[in-house]
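Please keep the sequence and the structure in view while reading.

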Amino acid sequence: MSPADFPPATRDEWRALVAGVLAKSGIDGDPEDALGSTTYDGIPIRPLYTADDVHGLDADGWPGRPPYVRGATSDGATRSGWDVRTQPSAADPRAVNAAALRDLENGATSLWLSGVAPDDLAAVLEGVFLDLAPIVLDAGPQSYEAARALLAVAEGRGVDPASLRGSLGADPIGWRARTSAPADLDLLARLADERSPFPNMHLATVDATVYSDAGASDAQELGIGTAVGVAYLRALTDTGLSVDEALAAVEFRWTVGVEQFPSIAKLRAARRIWARVAELSGGDSHARGQYQHAVTARAMLSQRDPWVNMLRTTIACFAAAVGGADAITVLPFDAAIGLPDDFGRRIARNTQAVLHDESSLARVIDAAGGSWFVESLTDALAEKAWDVFTTVERAGGALDALDDGTIEAMIADMRARRSDDIAHRRAPLTGVSEFAFVDEVPVVRPAADARPAGLLPRIRYAEEFEALRDRSDAAPSRPRVYLATLGPFAAHSARAGFAANLFAAGGIECVSGPVEEFAAAGTSVACLCSSDKVYAKDAAVAAKTLHEAGAEFVWLAGRVEVDGVDDHLFAGVDALAVLRRTLDLLGVPA
């Protein structure tokens, strides 16, 4: 039989079949609601998408044409691949130079120089072919001085400045958000006045990663970043640049995370939104594309079990490539610990090499285009982000909204919601809140320079659980909980595993055995583990026995109310609260 021989399936038929399966598990109601979820931006994610779910989209859209959802250029990365952009970091300029040269010799195609002083640029760029490798400066308020230093280096080597590519990296609003320093928008005017030596370099970078680092959702990052871009567009046109020239002078830096489809949709939605801004600003249709630099999200990186970061950044890099980013930076797996070493940088480079060369992701433009799910998600995310953008604009623009607390207030609400999900393990962190390895040997790296306090915080999702791990590791001996198992193995194994997994997230080891062996376990905290049926028969006596044997506190894995049990562990419990309480009970210093 051929596919044409099968009758077409309808949505109603699918719903009926799924409802029947769910009913066997005791789940009633609408099957799409039962299997769906909602993003932090309030976008419903359904289990099934059809052409009926895609409304108002240009199904005939092409890369390189308005609204640029499918790509800023007509050929995307198919001709020469995306730009593999690394961020070499080290303790001194010579070490940064050595890291940069290793990157360029082993797959990197451009350099993102963050925190390099203008006076150190010559040393950092020693041996770098400036006419081949794009250079992206990130010098904060010293962007003008860094630009002049880059020009001096090029001229000193006889390199035509017109051959330089990359970005001068001015981002005064982002710098204020990161450091609380004044936002000098006149910096853009000074760079615009000196733009003639750098005809092929972006003058400004909208670094939206600062908002993601503070806990912003995808729509918030897009909306705030777009508002910053509009502020720079206004500042550049005020200097006499045409709208098209100003549009060409700005690049955007977005984060990509471990959720691949939202990250793909984010980059596509960013181009749609910016194309609309450019249209309303009077930009020519050919000037409305957005140059995108995607960076794997720093907030998702963990210090504990950092090897899992390799998986996180691989997913994020995949999303960036499929989403059509022009340049991609994969942060090394050890970037959250301190200064990455050669191994960390090598894995980061090779992650891109595998996806680019072996998986051939660069051979197809907008590979997710046409997916009803991705198209619907792109459209919904663009609408949510536009709402955030207009909210910021009504507050007086990005700078005023940053200074009066509007931006921090909206991000703080989102940050609190995500933190609550992480605490309750509704948003699990592998190797941290789930499947933690209590006896892991910490990975040590030289400390990176401390970042000054800014108007927005810089968070990592794992940091609260990791603080408890640090607390346990610093104790004179490993904190311990005794898992008192009742009944046969089949009765207690699932809940004993659940409890051990939860306690491990706080660096607490578990030993298990029958109630009668508690006294020899060397702890004052116990946890009963078994089935509800066994609890009903034996748990009260077991709890009493544990207390008589010296247990100062008895947890129960489950929700059954039992005399003598002090509190309960169950799916959805506030794991952070449980772990803090247990460490307090065990006398572990805070």
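In this predicted model, strand β3 (residues 83-86) and strand β4 (residues 110-114) run parallel to each other and are paired over two bridges. Within this pairing, Arg85 has Ser110 of β4 as its bridge partner. In general, the strands of a sheet are paired through backbone hydrogen bonds, in either a parallel or an antiparallel manner.

**The barrel**

Strands β3 and β4 belong to a set of eight strands that closes into a barrel. The order of the strands is β3-β4-β5-β6-β7-β8-β9-β10, and their pairing is parallel. On average, neighbouring strands of this sheet are turned by 25° against each other, direction ignored.

**The open sheet**

A further sheet is open and consists of five strands in the order β12-β11-β13-β14-β15, again with parallel pairing. Which strands form its edges? They are β12 (509-513) and β15 (567-569), each of which pairs on one side only. From one strand to the next, the twist averages 30°. Within the sheet, β13 (residues 525-529) and β14 (residues 553-557) pair in the parallel sense over four bridges, and Leu528 stands opposite Leu556 in β14.

Two helices lie across strands of this sheet. Helix α19 (residues 532-548) lies across β11 (480-485), β13 and β14, and runs at about 170° to β13. Helix α20 (residues 575-585) lies across β11, β13, β14 and β15, and its angle to β14 is about 150°.

The model contains nine aromatic pairs. One of them joins Phe333 and Phe343: the ring centres are 5.8 Å apart and the planes stand at 80°, so the pair is edge-to-face, since an angle over 60 degrees places a pair in that class. Phe333 lies in the loop between β10 (327-329) and α13 (342-358), whereas Phe343 lies in helix α13; the pair therefore ties together parts that are ten residues apart in sequence. Is each of these two residues buried or partly exposed? Phe333 counts as buried because its relative accessibility is 2%, while Phe343, at 38%, counts as partly exposed. Elsewhere, Tyr49, Phe261 and Phe373 form one aromatic cluster.

**A glycine in a loop**

Gly283 is placed in the loop between α11 (260-280) and β9 (291-296). Its relative accessible area is 4%, and Gly283 is therefore buried, as the limit for this class is under 20%. Which residues does Gly283 touch, not counting residues up to four places away in sequence? The contacts are Val243, Asp244, Leu247, Ala278 and Arg288. With one of these, Val243, the separation is 40 residues in sequence and 5.6 Å in space, C-alpha to C-alpha.

Methods:
Residues numbered from 1 in each chain as written. Predicted model: local features only at pLDDT ≥ 70, side-chain atom pairs only at ≥ 80, totals over all residues. Heavy atoms only, no water. Pairing = 2+ DSSP bridges. Axes fitted to C-alpha atoms, helices over the stretch in contact; angles between N-to-C directions. Contact = heavy atoms within 4.5 Å. Phe/Tyr/Trp six-rings, centres within 6.5 Å; stacked < 30°, edge-to-face > 60°. Buried < 20%, exposed > 50% of the residue type's maximum accessible area, 1.4 Å probe, protein only.
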